[in-house]
Amino acid sequence: MLVVVDDGALGGLMAVVAALEAAGMRVDRVLPEIATITGAAEPGAFAALRGVSGVDSVERAGPGFSIPHPGKGVQ
Amino acid sequence: MTNPDEENGTTGRFLVLLEDGAVEAGTRELDRIAGLRTASTAEAAGAEFPGPDGLVFDRLGVAVVSADPDQLAALTSAVDAPGPIAALEAERRVFAISAAAEEAAPGPQVDESVFTWGLQAVGANKSAATGAGVRVAVLDTGFDAEHPEFAGRAITTASFIDGETVADGHGHGTHCIGTATGPRAPGGGAGYGVAYEAEIFAGKVLSNAGSGSDGGILAGIAWAVSNNCQVVSMSLGAAVRPGTPYSQTYERVASRALAQGTLIVAAAGNESRRQEGRINPVGHPANCPSVLAVGAIDVATALGWFSCGTVDLIGAVDVVAPGVDVYSSWPRPKNHNRISGTSMATPHVAGVAALIAQATGARGWELWARLHQAARRLPLPSVDVGAGVVQAP
């Protein structure tokens, strides 16, 4: 789960974190430099997370990244 | 059509061209007239030749089939008759796309006794800029910070992979760091580093097995921004299907990073198979408008056969750089390796960006603009190469 915070809400970032947790998000990382919060939540919590004051967007994290083993294929 | 001839550069298989929009009808027709059962690439998901008798490339309208003389006669008749089968020819041998064949290929046919062909292609060897005072973050599989050719360098490291130190158990990260910021005179062998006096920030966001997640990568970007790195090099990505929207999160993050003076450069991806006419779209997150997407060229300034292209209105290749047969550093005791990919092109751009940042003071969007402005235009489609090959100041 990737949450982007409004520019205007950066000063109150921890309040946004607390509200996200109250709305069902398990927060992994708070990244003030890029106004982004990462963590996990049940799909049913999406609407509640989007409704948190100061939240700009909520997006599901991707399935992940991978590169081939060294020596195998184009890197 | 031609007959199969193993000694004449053909494979014994045949290419069947289907009429426009007639892939389904053509697939049925192959079965009806010649008993050929084929699998479709849409179903086979990357399998090389999975059907009992052949494979249909849906997006190309081409089937590759094995046919005995009777089946061949039936197909030949079908070409001349009305119907979905338009043409037939013997399949030619093409360049192997396997890793083994790539590795077995000899090095580039240029003089690399002093500098790699990549440094020469971007003009780094003729630039007075060194990258001094510029911070370059490479978010990858970590770094062998004890590598002897990086002794005395300013190196800051951080791992965003649970349970793993920044030590590079893969090699990919050390190779990328070598290209972006490694030495020009390593004391034996070719100089391979573009910004050889830049400060190195090695962030481990891919595990020793080569895998990572959005959470770790965003944490690495935040770390680079908080350390005021002017350039972030990300030789990583995830393949996307045409038409897939770019990530709103990464777009906002990259835009905010630019506003704070941090340019993010990312690999366009290696999913194309240009020998087969297949061009796949720029992957995530390089497909975000505010992430500089990098394609790969070879020593002859031809496009890397694997290099992703601009195939929809979402992702775009912005520039290209050397990404085939690239020599750079590798974790001890091997110390060096020569590999290929848009992963290898990306740190060339990051290094050139660091040189421009030092020479001009440009940051963020201005640095992006100067990379484009200075790039050497190529007689190749802009959808594949963007503004061309980046050039050192």
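Modeller: One term first: contact, or touching, means heavy atoms within 4.5 Å. Keep in mind that this is a predicted model.

Start at B:His172. This residue sits in helix H6 of chain B. B:His172 counts as buried, because its relative accessibility is 0% and the cut-off for buried is under 20%. Leaving aside residues up to four places away in sequence, B:His172 touches residues of chain A and of chain B. From chain A come A:Ile67 and A:Gln75. From chain B come B:Asp140, B:Thr141, B:Ser235, B:Trp330, B:Ser343 and B:Met344. With B:Asp140 there is also a polar contact, side chain to side chain, at 2.6 Å. Now look along the chain. B:Ser329 lies 157 residues from B:His172 in sequence, yet their C-alpha atoms are separated by 9.3 Å.

Now the helix itself. H6 of chain B covers residues 172-181, and ten of its ten residues are buried, so the helix is largely enclosed by the rest of the structure. Among those buried residues are B:His172, B:His175, B:Cys176 and B:Ile177. What do the buried residues of H6(B) pack against? Four strands of chain B are on the list: E6 (135-140), E8 (199-204), E14 (326-329) and E15 (336-339). Helix H9 (342-360) of chain B is there too.

Take E15 first. B:Arg338 forms a salt bridge with B:Glu112, with the closest N and O atoms 2.8 Å apart. This pair links distant parts of the chain, 226 residues apart: B:Arg338 is in strand E15, while B:Glu112 is in the loop between helix H4 (99-104) and helix H5 (117-121) of chain B. B:Glu112 is buried, at 14% relative accessible area, but B:Arg338 is partly exposed, at 32%.

B:Asp144 and B:Arg332 meet through their side chains in a salt bridge, N to O at 2.8 Å. Again distant parts of the chain are linked, here 188 residues apart: B:Asp144 is in the loop between E6 and strand E7 (155-159), and B:Arg332 is in the loop between E14 and E15 of chain B. B:Asp144 is buried, with a relative accessible area of 9%, whereas B:Arg332 counts as partly exposed at 44%. Over all chains, the structure holds eleven salt bridges.

Now go back to the chain A neighbours, A:Ile67 and A:Gln75. They lead to the interface. The size of an interface is often given as the accessible area lost when the parts come together. Here the area buried between chain A and chain B is about 2,800 Å², and carbon and sulfur atoms give 59% of that. In chain A, A:Phe65, A:Ile67 and A:Gln75 lose the most area to chain B, together 30% of what that side buries. In residue counts, 29 residues of chain A are in contact with 47 residues of chain B.

The strands also meet across the interface. E5(A) is joined by two bridges to strand E9 (residues 211-212) of chain B, and the two run antiparallel. Within this pairing, A:Ser66 stands opposite B:Ser211.

What about polar links? The rule finds 18 residue pairs in polar contact across the interface of chain A and chain B. Strands E1 (2-5), E2 (26-31), E3 (36-40), E4 (55-59) and E5 (65-66) of chain A each supply at least two residues of the side that touches chain B. That side divides into twelve nonpolar, ten polar and seven charged residues.

How many salt bridges cross the interface? The rule finds two. In one of them, the side chains of B:Arg252 and A:Asp56 meet, N to O at 2.7 Å. Then there is B:Arg256, whose side chain meets that of A:Asp7 in a salt bridge, also 2.7 Å, N to O. This pair crosses from helix H8 of chain B to the loop between E1 and helix H1 (13-22) of chain A. B:Arg256 counts as buried, because its relative accessibility is 10% and the cut-off is under 20%. Its contacts, residues up to four places away in sequence not counted, are A:Val4, A:Val5, A:Asp6, A:Asp7, A:Ile34 and A:Ala35.

Technical notes. Residues are numbered from 1 along each chain as its sequence is written. Chains are lettered from A and ligands numbered from 1 in the order in which they are written. This is a predicted model: local features need pLDDT of at least 70, side-chain atom pairs count only at pLDDT 80 or more; totals for chains, interfaces and linings use all residues. Side-chain values use heavy atoms; hydrogens and water are left out. Buried means under 20% relative accessible area, exposed over 50%, partly exposed in between (1.4 Å probe, protein chains only). Buried area is the accessible area (1.4 Å probe) that two parts lose on being put together, summed over both. A salt bridge is a side-chain nitrogen of Lys or Arg within 4 Å of a carboxyl oxygen of Asp or Glu. A polar contact is a pair of N or O atoms within 3.5 Å; within protein, one must be able to donate a hydrogen and the other to accept it, and residues adjacent in sequence count only if both atoms are side-chain atoms. Ala, Val, Leu, Ile, Met, Phe, Trp, Tyr, Cys and Pro count as nonpolar, Asp, Glu, Lys and Arg as charged, and the others, Gly among them, as polar. Two strands pair if DSSP finds at least two bridges between them.
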